[in-house]
Amino acid sequence: MDTMAEIRQTFFQECEEQLSEMELGLLAMDEGNADSETVNAVFRAVHSIKGGAGAFKLTELVQFAHSFETALDHVRSGKLTPTPEMMKIMLRAADVLSDLVEASRDGREINEANYASIAADVKALTTFDGVEEVEEPIDFQPTIIDFGMPELAIEPEPAASQEHEYRINFAPRPELYANANETILIFRELNRLGAMQAFCDAAAIPSLDDIDPNGAYFSWAVQLKSEADIAGVREVFEFVDGEADLTIESDGQAEVSDADIAALLAQALGTPPAADTANASEPSAEIIPISTMPAPVAASSETADVEPAVAPVQAVESSKPDTKAAVVPAQTTIRVEFDRVDRLINLVGELVINQAMLSQRVIEANFAGSSSVVIGLEELEQLTREIQESVMAIRAQPVKPLFQRMSRMVREVADATGKEVKLKTEGEATEVDKTVVERLAEPLTHMIRNAVDHGIESPEVRLAAGKPAEGTVRLTAAHRSGRIVIELSDDGAGINRPKVRASAINKGLIPADMQLSDSDIDNLLFLPGFSTAATISSISGRGVGMDVVKRSIQALGGRISISSRPGLGSTFSMSLPLTLAVLDGMAVSVAGQTLVVPLTAIVETLKPKKSEVHGLGSDGRVMSIRDTFVPLIDVGTQLGFRETPTQPENSVALLVETGGGARNALLVDSIQDQRQVVIKSLETNYGTVAGIAAATILGDGRVALILDVDALVSKSFEETLVGELHYGTGG
Amino acid sequence: MTQTILTVDDSRTMRDMLKMALVEAGYNVLQAVDGVDGLDVLQASAPPDVIVTDINMPKMDGFGLIEAVRKDSRYRKVPILVLTTESDAAKKMRAKEAGATGWIVKPFEPTKLIAAIRRVAA
């Protein structure tokens, strides 16, 4: 059924939210700063997952959630006080729960052996003094839900059972009416079971003055002929259990003793017990035979409505502001397909270009600066920028979910390596383009693994070094000058530079006699094929090292840098653009063409002197910058704009940094300016061009190509052999 | 006349399931996401024929909602069924003390849900 599939989808979406809520709460508990509402929220999250899972017959999920919930309930009620060990189990349980949700969603087979030990740990939490807490039985058997039910009646089974005769004595107490139950409704249900007759005993009604409108004064004797068994009859009274005196007696299905029945019968028939004979002056009990469907009789039903509405209403209203004030108002959201947002972003891009072209025309038309056209245009420019920013904000997402995933990673790696590590996060609310968030996950995961596996020392080593046994990995995000800066630092041992250097030499990545500064050595980590782990662990893996991380970051238009202090830890800092739709670039002229170089790639710009440029090989050239030689790439010839190389002294060199920390100088004719450009994909509109990342449209309507610096550099290497200088370390 | 049921549950899944079962059975459905919202919805509409509420909810839980509803003379006679995953006697007792009319054990079968509603709805 379609609706069911939709609800299933809703369920898993909701699970995501609840898992995230749960994780957040557990982390707060772990930090020791969780109030009761946090614990409640965690409990509710697990409880809800269990509830929904039951409806979808996800047995393993239900059972695990159930024991987890039981443990949380004990924390909630104060029966359990969270200890660090306990929180560890809880956090691991949270991970298992996420896994189970995911496996259930994807319909994967669940192997209980995989989480048996955690399940046992969780169960053990609710075991006091070796006795498992009397857990309510899981009468939570998932039921198959068939929404295509043909009828709703709970008609008794038309089995071959013969008809029973029941005598029911039923004396409601005031609570029954106070809880909105009604005798007549119960009789209506009884009547569905078979032919019935009810007799009302109104003997208990006091004089009018003494009547309590909320009292209950009638009792009933009912005769029922039904094929239903006694349990079926009793079920009718399920909700009023404890709110009425009830006896059910049947032929051959006795529930109560004969003596009781005799007494009750006597009572029902209005024969006052011997002790009451003194009150004989009162009107004697009247037996009112009532047909199968009695008229409304409950004393309270009419009278209650007459009662003036006073204090209770106020109580309800005055209690409301309090509860509201304490709670952050839920944000209202709508779901929008990404396609629509992207289309909008595209259109806004066009608008920005169009507005730039209009500005250009106005300038060309020589309007006075104070003319209304120019002023109007400035306003338009302002508005366009605001629209652009607002639209970008739609695609922006907080890094929080990303960071949350990392905390799990830290736990797992710490567990696997026997280290004690805590992840501290800051700036989770920082927003960045969705694609950036998504594509950051992998490099960040890798770096976190490295930080725990290689950065943080084992507890013994840490204690020996005078540090706390538990290491800290800090992950922060912040907006800084139009970019997002994400920093990952650990308080571990720092980079072991002699070891890194030796390793790089062993692997033939650098010549043995190469002079390297500390930061040069740190940057060796980013070289392809570098891995310091003497024993290759299953965690950090082999080979897929920091070079991949660096490339992923650069593919996002970002930069990564590293700093480290021996004994104190390392910090990786990544700076990324907030959006992939616009780019800060430097517009340069090459052979009459305007090209855009991404600003992130440019380290500095230089005016080369003739003496600084040296030939190398047949047609290679290098440039000397502060005592190092950097390959010189003539952009004009490289891209085929002209045949003959340009004269360096008539050009400008852009010192760029590419993957692996390599530096190169790009030779261009001149620098025009620095500007933000809207990125237009070449692949979708034309095709892939080596050395070109994308295109943009300039204010004058011309198309300008955006350089792919990395590709341009490697393309140049393929064509000219620069040998050992492949790895040029710039000043 | 079509009867109206107010369902109060913080879980979207559960709200959807209740709605599906109730609409199928021909009821009008009002929805609220927690106790506070439940009271707001009550204020904004004609009294429903039955209220079905979850117990564990943020802001105001099921017990709180039941108590508040019972205190208001306008809703005193509105039957309230609590949804509970446990057949936990203690929880049922607390709900009863707060003024609940009856209960539905989760996960519910639509037939059981409708039967329970029919049992308490006038």
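Helices α14(A) and α15(A) are roughly parallel to each other, because angles under 35 degrees count as such and the axes of α14 (residues 400-417) and α15 (residues 434-455) of chain A cross at roughly 30°. This is a feature of a predicted model, and the pair makes a friendly place to start. The two axes come within 9 Å, and the crossing is right-handed. On the α14(A) side, the contact is made by A:L402, A:R405, A:M406, A:M409, A:V410, A:V413, A:A414 and A:T417. Facing them from α15(A) are A:V437, A:L440, A:A441, A:L444, A:T445, A:I448, A:R449, A:V452 and A:D453. Sorted by class, this contact of α14(A) with α15(A) has 12 nonpolar, two polar and three charged residues.

The mean pLDDT of chain A is 76, with 79% of its residues at 70 or more. Among the elements of this chain, the highest mean pLDDT, 91, belongs to strand β16(A), while the lowest, 40, belongs to helix α11 (residues 311-325). Over residues 133-159 of chain A the pLDDT is below 50, and the model gives this stretch 44 contacts beyond near neighbours in sequence. Residues 271-328 of chain A also stay under 50, with 71 contacts beyond four places in sequence. Where pLDDT is low, the predicted coordinates should not be read in detail.

Strand β16(A) leads on to a sheet. Five strands of chain A make up an open sheet in the order β23-β15-β16-β25-β24, and its pairing is mixed. Strands β23 (670-678) and β24 of chain A stand at the edges; each has a single partner strand, so one side of each is left without a neighbour in the sheet. Neighbouring strands of this sheet are turned against each other by 35° on average, direction ignored.

The individual pairings show how the sheet is put together. One of the partners here is A:V678 in β23(A), which is bridged to A:V582. Further along, β16 (residues 593-598) and β25 (residues 703-707) of chain A run parallel and are joined by two bridges. A:L595 stands opposite A:L705 of β25(A). A:I697 has A:V703 in β25(A) as its bridge partner. The hairpin of β24(A) and β25(A) has five residues between the strands, and A:G701 in this hairpin takes a positive phi near 90°.

Chain B has a sheet of its own. Here, too, five strands form an open sheet, in the order β2-β1-β3-β4-β5, and the pairing is parallel. The edge strands are β2 (28-32) and β5 (102-105) of chain B; each has a single partner strand, so one side of each is left without a neighbour in the sheet. From one strand to the next the twist averages 25°. Four bridges join β4 (residues 80-84) of chain B to β5(B), and B:L83 is the bridge partner of B:I104 in β5(B).

Helices lie across this sheet. Helix α3 (residues 62-71) of chain B lies across β1 (4-8), β3 (50-54) and β4 of chain B, running at about 155° to β3(B). Helix α5 (residues 110-120) of chain B lies across β1, β3, β4 and β5 of chain B, at about 175° to β5(B). Helix α3(B) also packs with helix α4 (residues 89-98) of chain B, at an angle of about 20° and with the axes 8 Å apart. The two helices α3(B) and α4(B) are therefore roughly parallel to each other. In this contact, B:G62, B:F63, B:I66 and B:E67 of α3(B) meet B:R94, B:A95 and B:A98 of α4(B). These residues divide into four nonpolar, one polar and two charged.

Finally, a helix pair brings the two chains together. The axes of α1 (residues 2-31) of chain A and α1 (residues 12-24) of chain B come within 8 Å and cross at roughly 160°. Helices α1(A) and α1(B) are therefore roughly antiparallel to each other, and the crossing is left-handed. The contact is made by A:T3, A:I7, A:T10, A:F11 and A:E14 of α1(A) together with B:R12, B:T13, B:D16, B:M17 and B:M20 of α1(B). By class, these are four nonpolar, three polar and three charged residues.

Terms used: Residues numbered from 1 in each chain as written. Chains lettered and ligands numbered in written order. Predicted model: local features only at pLDDT ≥ 70, side-chain atom pairs only at ≥ 80, totals over all residues. Pairing = 2+ DSSP bridges. Axes fitted to C-alpha atoms, helices over the stretch in contact; angles between N-to-C directions. Parallel < 35°, antiparallel > 145°, perpendicular 65-115°, else oblique. Left-handed = near helix turned anticlockwise from the far one by under 90°. Contact = placed C-beta atoms within 7 Å. Nonpolar A, V, L, I, M, F, W, Y, C, P; charged D, E, K, R; others polar. pLDDT = per-residue confidence, 0-100.
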